[in-house]
Amino acid sequence: RVKREGGRQTVSAVSGITGKHRGIVKEASVMSAENAGKRQRVGGDGLAAVAIDPAKTSATSSADLVSMLNQALDRIDSLESQHEEVKASVESKTRDLMEDTCRIKETYKALQASMERETK
């Protein structure tokens, strides 16, 4: 879906997005081809910036953008999954260490009590 607003086109790319991030990605904004060629900016030194060639700016199609976005979202999902695995592993190891610490403390207390009985 393409909407025109002023000199901009807004391409809605939601239909190509799947997974849990679909609702997050609403629209990809792209400058209109006719505006891209007309824009020039004059810097403080008085030199005009190079005009943007509309043929080059429209080279990245909305299908390409959707593809790149899907790849990025897949990578995010992969990283989130890895994060959950690492988090679960760390939590498990933390529980194990806490249990070991409790056992060591109990053993220490038992040794202290035993040594006190022997000294009496």
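**Exercise 1. Salt bridges**

Task: How many salt bridges does this predicted model hold, and which side chains meet?

Solution. 
- The count comes to one salt bridge in this predicted model.
- The partners are the side chains of R103 and D100.
- Their N to O distance is 2.4 Å. The cut-off is 4 Å, so the pair qualifies.

**Exercise 2. Setting of the pair**

Task: Where do R103 and D100 lie relative to each other in helix α3, and is R103 buried, partly exposed or exposed?

Solution. 
- R103 and D100 are three residues apart in α3, so about one helical turn separates them.
- Buried means under 20% relative accessible area, and exposed means over 50%.
- R103 has a relative accessible area of 47%, so R103 is partly exposed.
- D100 has 32% relative accessibility and therefore also counts as partly exposed.

**Exercise 3. The span of α3**

Task: What span does α3 reach from its first C-alpha to its last, and what span is expected?

Solution. 
- Helix α3 covers residues 62–119 and has 58 residues.
- Now look at cover: V66, N70 and L73 of α3 are buried.

**Exercise 4. The whole chain**

Task: In what order do the elements of the protein chain run from the N terminus?

Solution. 
- The secondary structure comes to three helices and three strands.
- The order is β-β-β-α-α-α.
- Of the 120 residues, 12% count as buried.
- The accessible surface is about 9700 Å², and carbon and sulfur atoms hold 56% of it.
- Take contacts between residues at least 6 apart in sequence: 36% of them join residues at least 24 apart.

**Exercise 5. Confidence**

Task: Which element has the lowest mean pLDDT, and which the highest?

Solution. 
- Start with the chain: its mean pLDDT is 74, and 51% of its residues reach 70 or more.
- Strand β3 (residues 28–31) has the lowest mean among the elements, 44.
- Helix α3 has the highest, 96.
- Over residues 26–42 the pLDDT is below 50. Beyond near neighbours in sequence, this stretch has 41 contacts in the model.
- Where pLDDT is low, predicted coordinates should not be read in detail.

How values were computed. Residues numbered from 1 in each chain as written. Predicted model: local features only at pLDDT ≥ 70, side-chain atom pairs only at ≥ 80, totals over all residues. Heavy atoms only, no water. pLDDT = per-residue confidence, 0-100. Helix = DSSP H or I, 4+ residues; strand = E, 2+ residues; numbered from the N terminus. Contact = heavy atoms within 4.5 Å. Buried < 20%, exposed > 50% of the residue type's maximum accessible area, 1.4 Å probe, protein only. Expected span 1.5 Å × (residues − 1). Areas by Shrake-Rupley, 256 points an atom, 1.4 Å probe, with all protein chains shown as cover.
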